[in-house]
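Here is a short briefing on one model.

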Amino acid sequence: MGNVLIDVVLPLALAFIMFTLGLGLKIADFTRVFAMPKAFAVGVVNQMILLPIVGFVIAILLGMPPELAVGMMVLALSPGGVTTNVLAKIGKGNTALSISLTAVVTIISAVTLPIIIAFGVRYFMGSDTPQVNTLSLSITMFLMTVVPVVLGMGVTKIAPSFVTGGGLWLQRIAVVLFAVIVLAAIATNLDVLQDNIGTLGPATILLMVVMLAIGLATAKMMGLSVQNATTVAVETGVQNSTLGIAVAAILAGQILGGSEGFSTFALPSAMYGVLMYLGAVPFVMWRRTLH
């Protein structure tokens, strides 16, 4: 049953979630970044450079066990998803900027995540650990994230009425799938979670709080508007935990020999998927009051 969940259900669920992200996306969402280069650059630098560094430092400072430390890096390397777009809208941020950042960074991450996570595995688990096949991981990520997004964009182009009529229901299904994936990852590793809850909970919350603060600080430093600052902070501080769980499963197959069920690598992303709303929702509700 574990192999079916990992090899079939998880990739398909992630692909479906990314497909719903692609619904409503247009080419303009990618070219729009040229109209607001400063805000876009701040968001990309925060996600691609500062976020992995912060995740790495937290894993070291809290003395996380090797597999959980790698899982923490996977989480930190996972770009925002549909959730960030919703949160940006609730917080009265620049939703268009949020969509553009999510779309572009998702594509870039298919290349950068495998390279950086290979370093994380080597650092935390030692040189004797089997090497990460970065090319295979990159191709798999591309198939599970970029391709579904492009297909969603294609549906939007060909049948915009379908997106208007059925898009909301598809998004609701995506939310249910997200919850199922998170709960399955936690249930499979319940013993490990109980042994490490004192470290894992604070680590994931700390990652979000620090990155939300960094997002706001860098936005203010660059003179961004309140609206754009809200979006940059959300995109910086909220990660796609479903993608993190999927990447963790692929890593387990490569370096642990394809263990049954969800590996320990997935626990930080699963824990984050549960706890992120405790920090993200109050944050965007506060940002709403600034408009």
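In this predicted model, helix α10 covers residues 226–237, 12 residues in total. From first C-alpha to last, α10 reaches 16 Å, close to the 16 Å expected at 1.5 Å a residue. Most of α10 is covered, with 10 of its 12 residues buried.

**Helix α10 and its packing**
- The buried residues of α10 are Asn 228, Ala 229, Thr 230, Thr 231, Val 232, Ala 233, Val 234, Glu 235, Thr 236 and Gly 237.
- These buried residues pack against α3 (37–61), α5 (82–90), α6 (95–125), α9 (190–221) and α12 (267–288).

**Helix α9**
- α9, one of the helices packed against the buried residues of α10, has a kink of about 80 degrees.
- The kink in α9 is centred on Asn 196.
- Gly 223 follows α9 and has a positive phi, near 70 degrees.

**Aromatic pairs**
- The model has six aromatic pairs.
- Tyr 123 and Phe 124 form an edge-to-face pair, with 5.1 Å centre to centre and 85 degrees between the planes.
- Tyr 123 has a relative accessible area of 46%, so Tyr 123 is partly exposed.
- Phe 124 has a relative accessibility of 15%, so Phe 124 counts as buried, the cut-off being under 20%.
- Ring pairs join Tyr 123 and Phe 124 with Phe 56 and Phe 119 in a cluster.

**A charge over a ring**
- Arg 287 lies over the face of Trp 286.
- The distance from Arg 287 to the ring centre of Trp 286 is 5.0 Å.

Notes:
Residues are numbered from 1 along each chain as its sequence is written. This is a predicted model: local features need pLDDT of at least 70, side-chain atom pairs count only at pLDDT 80 or more; totals for chains, interfaces and linings use all residues. Side-chain values use heavy atoms; hydrogens and water are left out. Helices (H or I, at least four residues) and strands (E, at least two) are DSSP runs, numbered from the N terminus. The expected span of a helix is 1.5 Å times one less than its number of residues. Buried means under 20% relative accessible area, exposed over 50%, partly exposed in between (1.4 Å probe, protein chains only). Contact means heavy atoms within 4.5 Å. The bend at a residue is the angle between axes fitted to the seven residues ending there and the seven starting there. Rings of Phe, Tyr and Trp (its six-membered ring) pair if their centres lie within 6.5 Å; planes under 30 degrees apart count as stacked, over 60 as edge-to-face and the rest as tilted. A charge sits over a ring if NZ of Lys or CZ of Arg is within 6 Å of the ring centre and within 35 degrees of the ring normal.
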